[in-house]
Amino acid sequence: MLEFVEYPDHAENTQKQYITVARTFLHWCADRGLHPDHVTATHLQRFLDDRGLSRSSQLTYMQALSALYGILQDRGLADDNPTSSWSVQYRKKKGKPGPRVAKRLPTVLDSDEETRLLAAIPLESPLPFSVYRKRVFLHLLLFTGLRVSEALSLTLGQVRLEADPPVVRVIGKGNKEREVPISPTLQVVLEGYLERRQRFVRNGNWLFSTAVGAPLTRTWAYTTVSEAIRGAGIQKPAYGPHVLRHTFATRQLRAGIAPAIVKAWLGHEDLAITFRVYEHVIAAPAGVRPV
């Protein structure tokens, strides 16, 4: 994963420091058979404890790890940034704030950009199934906010179109199950997809798979999302699947959906994590002006 790790927006000394931390951390994970996407706040604290760091050094390490996970998220290699959970858990356990980790605003599509993206991936025209499948995948991410790993691991039985209301039953982090409602628009998209899928996919139970039933990969997902956003003429700091997850969450919060409900749909472990990631939206809804 180190081949993806670079920090062009930082000073040279900071880049070297962050790369050293990233290398140390990834080796620490590898020694324990731990994939970076499965890292929790508890793992991060254990990693810091193993180093015997001072509070100031912890700050440097957590800033470096936050930047690392930002890159992994942008590349579709990690679903979440566990440094957000770490900050929340530190406060709860210690009764005081932990080292302050610099927070970058999530990359989202605004309403005009969403419209442009959807206009660039129409489903109505006759399409090869491989192209059609990509566009349905994009609709699913944009209108459910699923993590990329959750979307790729969906089986046919987890899409409950017959339920009232229709839902996607998701197995999320820590094997925790949740239900995410399916909007009427997405329901029509999925109904059409399932009908076409029967004619294309010969085996397997994955919702998104190859013709022989093999599950699709994170690389496929990242390429699908990044090519679609760029193809719509949208320029962003990041182009990975997490952009669509952030866009979904931001859309819900700006529409007035309660943060606790959005937290449940996203599968966040703690409401404080939802507030930490989206506090700029929750604190200042669209259209609100100071008096």
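Which residues do ring pairs link into a cluster? The legends below describe close-up views of a predicted model, starting with that cluster.

**View 1**
Ring pairs join F129, Y132, F137, Y193, F200, F208 and W220 into a cluster. The search over the whole structure gives 13 aromatic pairs. R196 lies over the face of Y132, a member of the cluster, and the distance to the ring centre is 4.5 Å. Helix α6 spans residues 129-144 and has the highest mean pLDDT among the elements of the protein chain, at 97.

Among the 13 aromatic pairs in the structure is the one between F25 and W28, which counts as stacked because the ring planes are at 15°, with the centres 6.3 Å apart. F25 and W28 are both in helix α1 (residues 12-31), and they are separated by about one helical turn because they are three residues apart. Both F25 and W28 are buried. F25 also pairs with F47, and this pair is edge-to-face, with 80° between the planes and 5.1 Å from centre to centre. This second pair links distant parts of the chain, since F25 is in helix α1 and F47 in helix α2 (residues 41-51), 22 residues apart. The relative accessible area of F25 is 0%, so F25 is buried. F47 also counts as buried, because its relative accessibility is 0%.

**View 1. R230 over the ring of Y239.**
The charged end of R230 sits over the ring of Y239. The distance from the charged end of R230 to the centre of the Y239 ring is 3.9 Å.

**View 2. The largest cavity and its lining.**
One cavity of 30 Å³ or more is counted. The largest cavity holds about 40 Å³ of space. Its lining consists of Q73, G76, A78, L146, R147, V148, P241, H242 and R245. By class, four of the lining residues are nonpolar, three are polar and two are charged.

**View 3. D79 and H38.**
D79 is in the loop between α3 (55-74) and α4. With a relative accessibility of 1%, under the 20% limit, D79 counts as buried. H38 is 41 residues from D79 along the chain, and the C-alpha atoms of D79 and H38 are 9.0 Å apart. Helix α4 (residues 82-94), at one end of this loop, has the lowest mean pLDDT among the elements of the protein chain, at 64. Where pLDDT is low, the predicted coordinates should not be read in detail.

Y61 is in helix α3. Is Y61 buried or exposed? Its relative accessible area is 18%, and buried means under 20%, so Y61 is buried. Y61 and Y18 are 43 residues apart in sequence, while their C-alpha atoms are 7.7 Å apart in space.

**View 4. A249 and V262.**
A249 is in helix α10 (residues 242-254). A249 has a relative accessible area of 0%, so this residue is buried. From A249 to V262 there are 13 residues in sequence, and the C-alpha to C-alpha distance is 6.7 Å.

**View 5. The cis peptide bond between D164 and P165.**
D164 and P165 are joined by a cis peptide bond, with omega at about 0°. P165 is in the loop between strands β1 (159-160) and β2 (167-171).

**View 6. Confidence along the chain.**
The mean pLDDT of the protein chain is 86, and 88% of the residues score at least 70. Among the elements, the mean pLDDT is lowest in helix α4, at 64, and highest in helix α6, at 97.

Terms used. Residues numbered from 1 in each chain as written. Predicted model: local features only at pLDDT ≥ 70, side-chain atom pairs only at ≥ 80, totals over all residues. Heavy atoms only, no water. 1 Å grid on protein atoms, 1.4 Å probe; cavity = no way out; pocket = protein on both sides within 12 Å on 5 of 7 lines; lining within 4 Å. Points joined across faces, edges and corners; volume = space filled by probe spheres on them. Nonpolar A, V, L, I, M, F, W, Y, C, P; charged D, E, K, R; others polar. Phe/Tyr/Trp six-rings, centres within 6.5 Å; stacked < 30°, edge-to-face > 60°. Helix = DSSP H or I, 4+ residues; strand = E, 2+ residues; numbered from the N terminus. Buried < 20%, exposed > 50% of the residue type's maximum accessible area, 1.4 Å probe, protein only. Lys NZ or Arg CZ within 6 Å of the ring centre and 35° of its normal. pLDDT = per-residue confidence, 0-100.
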